[in-house]
Amino acid sequence: MTVEDSAPEATVPEIDTSKPHPARMYDYYLGGKNHFAADRETAEKGLATWQSGRLAARENRAFLGRAVRFLAAEAGVRQFLDIGTGLPTTNNVHEVAQSVAPAARVVYADNDPLVLAHARALLTSSPAGRTAYIHADLRDPQSVLSNPAVREVLDFGQPIALMLVAVLHFVPDEFKPGQVLATLIGAMPPGSYLVASHITGEHDPVGPATGARAYQAAGLPAQLRDSDQFARLAFNGLDLIPPGTVLVSEWRPDDDAPRPTPAEVSWYGGVARIP
């Protein structure tokens with residue numbers, strides 16, 4: 001089944017190529033081609049002092065794949081709500097989940113209209129499963145939860161994996177991220193899971209902070225958090241899956257190969273079960 005869009009075309013804003021967007025900048029870090037001059041310019045300002053930024057983005061992407069594989073293969077999760085999904089690339093959530101369980105269902109949500117255009121063209125589900133995309137903003141969680149496509153594709157009587165990967169650092173404290181998380185987690189059925197990751201300045205006080213300032217100067221909200229702040233925000237009251245809140249490169253790696261240093265990664269991640 002191809003991607004479904006629940007919102008009428010008129011409600012989706014036009015793509016503004018003059019302003020950078022985190023989804024397109026992330027695509028640039030990963031080596032994709034779906035970005036514009038404004039995205040590249042802001043990204044390069046951050047990369048000037050955080051030279052391992054591209055490596056960190058790749059490590060975060062690999063963490064997402066391992067987390068989804070764990071949820072589908074070991075935890076038995078068959079439904080995923082991915083908010084702040086970014087542009088389609090390799091090993092998207094539905095591809096990983098449906099490689100384990102072809103009937104898995106996935107809803108993607110992002111506030112970049114370019115993501116919608118590419119999602120329609122590229123994100124196709126296995127015949128047994130379903131995949132949908134909605135244009136929505138994490139900072140308005142009710143708009144996500146009440147969207148007809150979300151309610152049509154996902155069964156809120158069964159566990160759901162809530163994916164907030166590489167997005168919480170775009171929700172500074174003034175946007176009340178704790179309330180956003182409480183609303184989303186409170187809507188998840190018992191036995192659901194949360195997957196989250198977040199950039200930190202703990203191991204490299206210069207690079208990530210410079211990147212955050214570059215985002216802020218471009219009008220993009222950004223806030224670094226340390227491991228304790230991230231854990232309290234994302235996983236308070238939840239049951240963390242071992243190894244807990246760790247660098248994304250250290251979360252259940254596939255092999256014993258040498259891994260990047262903490263300063264090169266500067267990105268925490270974790271998976272927790274919602275009681």
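**Exercise 1. Describe how helices α1 and α2 pack against each other, and which residues make the contact.**

Solution. Begin with the axes, which are lines fitted to C-alpha atoms over the stretch in contact, with angles running from 0 to 180 degrees between N-to-C directions: α1 and α2 pack at an angle of about 60°, and their axes are 9 Å apart. Helices here are DSSP runs of H or I with at least four residues, strands are runs of E with at least two, and both are numbered from the N terminus. Next, list the contact, meaning heavy atoms within 4.5 Å: α1 supplies Arg-24, Met-25, Tyr-28 and Tyr-29, while α2 supplies Asp-39, Arg-40, Thr-42, Ala-43, Glu-44 and Leu-47. Finally, sort these residues by class, where Ala, Val, Leu, Ile, Met, Phe, Trp, Tyr, Cys and Pro count as nonpolar, Asp, Glu, Lys and Arg as charged, and the others, Gly among them, as polar; the contact has five nonpolar, one polar and four charged residues.

The model is a predicted one, in which local features need pLDDT of at least 70 and side-chain atom pairs count only at pLDDT 80 or more, whereas totals for chains, interfaces and linings use all residues. Residues are numbered from 1 along each chain as its sequence is written, and side-chain values use heavy atoms, with hydrogens and water left out.

**Exercise 2. Find which residues of α2 are buried, and what covers them.**

Solution. Buried means under 20% relative accessible area, exposed means over 50%, and partly exposed lies in between, with a 1.4 Å probe and protein chains only. In α2, which spans residues 37-47, the buried residues are Ala-38, Asp-39, Thr-42, Ala-43, Gly-46 and Leu-47. Seen down the axis of α2, these buried residues fall within an arc of 165° (taken from the directions from the helix axis to the C-beta atoms), so they line one face of the helix. An α-helix has 3.6 residues a turn, so residues three or four places apart point the same way. The cover over the buried residues of α2 includes α1 (22-29), α3 and α9 (207-217).

**Exercise 3. Locate Lys-176 and Arg-252, and state what their phi angles show.**

Solution. Lys-176, in the loop between β5 (161-164) and α8 (177-187), has a positive phi of about 55° although it is not a glycine, and at 47% relative accessibility Lys-176 counts as partly exposed. Arg-252, in the loop between β8 and α11 (262-265), has a positive phi of about 45° and is not a glycine either; at 30% relative accessibility, Arg-252 counts as partly exposed.
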